[in-house]
Amino acid sequence: MYPQPFEYVRPESVGHALELLAQHGADARPLAGGQSLLPLMKQRLATPRVVVDIGRLEDLARVEDDGSLRIGSLVTHAAIEARDWPAPLALLYDGASVIGDVQVRNLGTMGGALAHADPVGDWGPVLQALDASVRIGSARGEREVPVAELFTDAFSTVLGPDELITAIDVPAQDAAATGAYVKLARRVGDAGVATVAVQVRWAGDGTCASAAVAVGAAASVPFRASEAEAFLAGRTLDEAAAGEAARLVQAALTPFSDVRGSAEYRRDMVAVALTRALGIASRRHAGERVEAGYG
Ligand SMILES: Cc1cc2nc3c(=O)[nH]c(=O)nc-3n(C[C@H](O)[C@H](O)[C@H](O)COP(=O)(O)OP(=O)(O)OC[C@H]3O[C@@H](n4cnc5c(N)ncnc54)[C@H](O)[C@@H]3O)c2cc1C
């Protein structure tokens, strides 16, 4: 199908883009990599009157790294995948490497994926486990929202129609932290049926000082499993601890069913993904080079 006719505007600067969004409000939609917006427009599930193409705004396409990390919203999944991340940021590689296929990763952007808010999106859980936040700009000013508070429901966020995600801020991680993102999917390139991101801060004696556990693809929004996190703090991450943490994650979950898997299957797979993610984080802590990916 063809999209409904629309006006196409390519702003010269971020300020110009924000002016256009303020001017056109809900009639306008920003276009980044187009990997989600264009299919929606072709199916007429999105019918913007004005498309504001921010895709060539270089100010939004940089990664700044001075201890903490600022990832411009237009940085592509492929650019994240290609970067040589230090061990505490391996989650970023894990997340980028399992998104769609090469073509999607080459064009799709981190900011676009977050704004799209697909419950099966991979960046939500990864960035929540890293305690990341998004910088949001509008003609009215700038605000910062933790990724954990960005999603309000499936395909819904706190973003207003005149707002742009300009960057994603990832705070400095503990130098000895390790994590893993495990995506269980029917096949490579498909959306997940359950995904779990963990980031573990280790104590000197090899126990878990604290752990972030974020769950995706199983509920309408990705979420931090705070009961499991509290349970894991101070423990040795053995099979028994992983099993109890998995039980706590399952108890906090309201899973959905879709063509990829039933709610019951998702509940089971979340436990598998968590156990594998904790195992990979432990092996990485021991210095092993382990791929996380599809688990
Ligand atoms: C075949 C296929 C497979 C995929 N598989 C996966 C997968 O496995 N995992 C996964 O996570 N994703 C997957 N995706 C989605 C992919 O990650 C997209 O890149 C992403 O959803 C949208 O990013 P984009 O830059 O293309 O945004 P666009 O399509 O340009 O925009 C998406 C939405 O975000 C809005 N938007 C864009 N940028 C901004 C901004 N900076 N601020 C505010 N609003 C903005 C747009 O108006 C639109 O509503 C897949 C997509 C396809 C087509």
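Predicted model: local features only at pLDDT ≥ 70, side-chain atom pairs only at ≥ 80, totals over all residues.

1. Asp 131 sits in the loop between helix H7 (123-129) and strand E6 (133-138), and, although it is not a glycine, it has a positive phi of about 60°. Most residues other than glycine have a negative phi.

2. In the hairpin of E12 and E13, with 5 residues between the strands, Gly 206 takes a positive phi near 85°.

3. E12 and E13 run antiparallel and are joined by 8 bridges, with Trp 202 standing opposite Cys 208 in E13. E13 also pairs with strand E14 (residues 223-224), again in the antiparallel sense, over 2 bridges, and here Val 215 has Phe 223 in E14 as its bridge partner. Strand E13 (residues 208-216) is largely enclosed by the rest of the structure, because 7 of its 9 residues are buried.

4. Where does Thr 195 lie, and is it buried or exposed? Thr 195 belongs to strand E12 (residues 192-202), and it is buried because 31 other C-beta atoms lie within 10 Å. Leaving aside residues up to four places away in sequence, the contacts of Thr 195 include Asp 122, Pro 125, Tyr 181, Val 182, Gly 216 and Ala 217. Ala 273 is another of them; the C-alpha atoms of Thr 195 and Ala 273 are separated by 6.2 Å, although the two residues are 78 residues apart along the chain.

5. A separate sheet is open and has 3 strands in the order E1-E3-E2, with parallel pairing. Its edge strands are strand E1 (7-9) and E2, each of which pairs on one side only, and its neighbouring strands are turned by 25° against each other on average, direction ignored. Helix H1 (residues 14-24) packs on this sheet and touches E1, E2 and E3, its direction making about 155° with that of E2.

6. Within that sheet, E1 pairs with strand E3 (residues 50-53) over 3 bridges, and Glu 7 stands opposite Val 50 in E3. E2 and E3 pair over 4 bridges, in the parallel sense, with Pro 30 standing opposite Val 52 in E3.

7. At the level of the whole chain, the division is into domain 1 (7-53), domain 2 (58-170) and domain 3 (178-285). The centres of domain 1 and domain 2, taken over C-alpha atoms, are separated by 18 Å, and 14 residues of domain 1 are in contact with 18 residues of domain 2. On the side of domain 1 that touches domain 2, H1 gives the most, with 6 residues, and the residues of that side divide into 8 nonpolar, 5 polar and 1 charged.

8. Which residues are the closest to the ligand? There are 28 residues around the ligand, and the closest are Gly 33, Gln 35, Gly 100, Gly 108 and Gly 112. Two or more residues of this shell come from each of strand E2 (28-31), helix H5 (102-107), helix H6 (110-116) and strand E10 (164-170), and H6 gives the most, with 5 residues.

9. By class, the shell around the ligand has 14 nonpolar, 12 polar and 2 charged residues. It draws at least three residues from each of domain 1 (7-53) and domain 2 (58-170), the two domains that were described above as being in contact through 14 residues of domain 1 and 18 residues of domain 2.

Notes:
Residues numbered from 1 in each chain as written. Near = placed C-beta within 6 Å. Nonpolar A, V, L, I, M, F, W, Y, C, P; charged D, E, K, R; others polar. Domains from an automatic or database assignment. Buried ≥ 20, exposed ≤ 12 C-beta atoms within 10 Å, placed from the backbone. Contact = placed C-beta atoms within 7 Å. Pairing = 2+ DSSP bridges. Axes fitted to C-alpha atoms, helices over the stretch in contact; angles between N-to-C directions.
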